[in-house]
Amino acid sequence: MKFPGSVLVSLVLFLSEMTAALCLSVAYRAAGDRMWHWLTLLFALLPCALVQLSLVFIHRDVSRDRPLVLLLHLLQLGPLVRCVEAFCIYFHAGRVEDPYVSITKKWQVPKDGYSEEIEKEVGQAEHKLCVHRSAFSRASVIQAFLGSAPQLTLQLYICIMQQEVTAARSTFMMLSLLSIVYGALRCNILAIKIKYDDYDVRVKPVAYLCIFLWRSLEIATRVTVLVLFSSVLQIWTLPVVLVNFLGFCFYPWILFWHSKSPFPEIVEKEFSRVGTTIVLCLLTFLYAGINMFCWSAVQVELSVPDLISKSQNWTQMTVYYVLRLVENAFLLMMWYIYRTDIYLYVCAPLLFLRLLLCYCMAVFFMLVFYQFCHPCKKLFSSSITEALLTCSKFLCFSCKSPKSAVLTDKAVMKSPENSDETRSSGKTMHSQKGNPHQSVSSNA
């Protein structure tokens, strides 16, 4: 049985970030900054409440007689209770034989073209521990992109506006960035396990390192670009955020309505249609929050039973990163044009190039991960390099097609048959010009 290290890491990040947010909020209130105080408090408590709801939903505490646990969730102490339960299960496992044991069958990732089926006995304690890991993974994603990402953006904006980076604020921003990167990492691992559920997936440390570098560069660049743009063009910040957020929020629903599939009823048997709709709206809300800051490895598809697309869509990923790079460059250009006096001692062209370079480095580490470090790369129908070559060939073909059409027209005009026809037509016209009476008599 694996040590529940992910549960412990999620709890430490959750508690440390909540503590730092509350301390910083109190400091803002004491300094008289009421707006920063309430925004910091809002971005801390709202995701905390959503984390409690997700833990209650996954463990199905509403249908069970556990009033003490529900009370602790209402007091925002749910993650602490769940972590204690997980470690109690881990340390008491093996002392008493499980009365119920299930057998799971999974395939090995192919090696040298061969794959073997593995049978494994899963006891009741291990199954409960697996549920705890899954619940904390999803809670980490919610905490990262609905709490830590807005919090990091807010605190960096305050630092720029006040032109001061305090020790408390820098520590809080570092914790928020770690929380976002960890949530993105858990999102990648969840996507791999959902898409390749029939296989025994084992992620190597090199893959974790590659994902960490990829996500940290991508998220840090995105947050910095948004903050720089909002610091000089506050009026246009809201339209940019709304277009991004609402576009990603309604995209799964548009695909669902276009597919004309029946309404999904498999979220939870005890839920009514209204409850199912609320859960699906929260899912798309989280999906939009992730895509606001980085590429979500999990693609929501409401027309399938699992609500998650299991196909690897390289085209969609390529389009996302190309459009995001263009958007980041455009926002940085607007910041460069309209920058104010607070950036007087900042080398703006160098910062512009550094941010674009960091985003390109994030894309590079993403390519390295999918090409060399992905645990299921042998199951890909086509590698990412082949997909990029196909896209580049398509773009080259589309660029060359107008030129080839022009060359074909010119070749047709200069062909021997056309030249003979023009010569014959020229002779006829010459003969008609040489014998005007003949043409007149023929007309008569």
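The pLDDT is the predictor's confidence in each residue, on a scale from 0 to 100. This is a predicted model, in which local features need a pLDDT of at least 70 and side-chain atom pairs count only at pLDDT 80 or more, while totals for chains, interfaces and linings use all residues. Residues are numbered from 1 along each chain as its sequence is written, and side-chain values use heavy atoms, with hydrogens and water left out.

The protein chain has an average pLDDT of 80, and 82% of its residues score at least 70.

| Stretch | pLDDT | Contacts beyond near neighbours in sequence |
|---|---|---|
| residues 403-408 | below 50 | 0 contacts |
| residues 415-444 | below 50 | 3 contacts |

Where pLDDT is low, the predicted coordinates should not be read in detail.

Helix H7 (residues 205-232) packs with helix H8 (residues 234-259) at an angle of about 140°, their axes lying 6 Å apart. The two helices are therefore oblique to each other, the term for angles that are not under 35 degrees (roughly parallel), over 145 (roughly antiparallel) or 65 to 115 (roughly perpendicular). Arg222, Phe229, Ser230, Ser231 and Val232 of H7 make the contact with Gln234, Trp236, Thr237, Val240 and Asn244 of H8.

Arg29, in helix H1 (residues 5-31), counts as partly exposed because its relative accessibility is 42%, between buried (under 20%) and exposed (over 50%), with a 1.4 Å probe and protein chains only. Apart from neighbours within four places in sequence, Arg29 contacts Arg34, His37 and Trp38.

Conventions
Axes are lines fitted to C-alpha atoms, for helices over the stretch in contact, and angles run from 0 to 180 degrees between N-to-C directions. Helices (H or I, at least four residues) and strands (E, at least two) are DSSP runs, numbered from the N terminus. Contact means heavy atoms within 4.5 Å.
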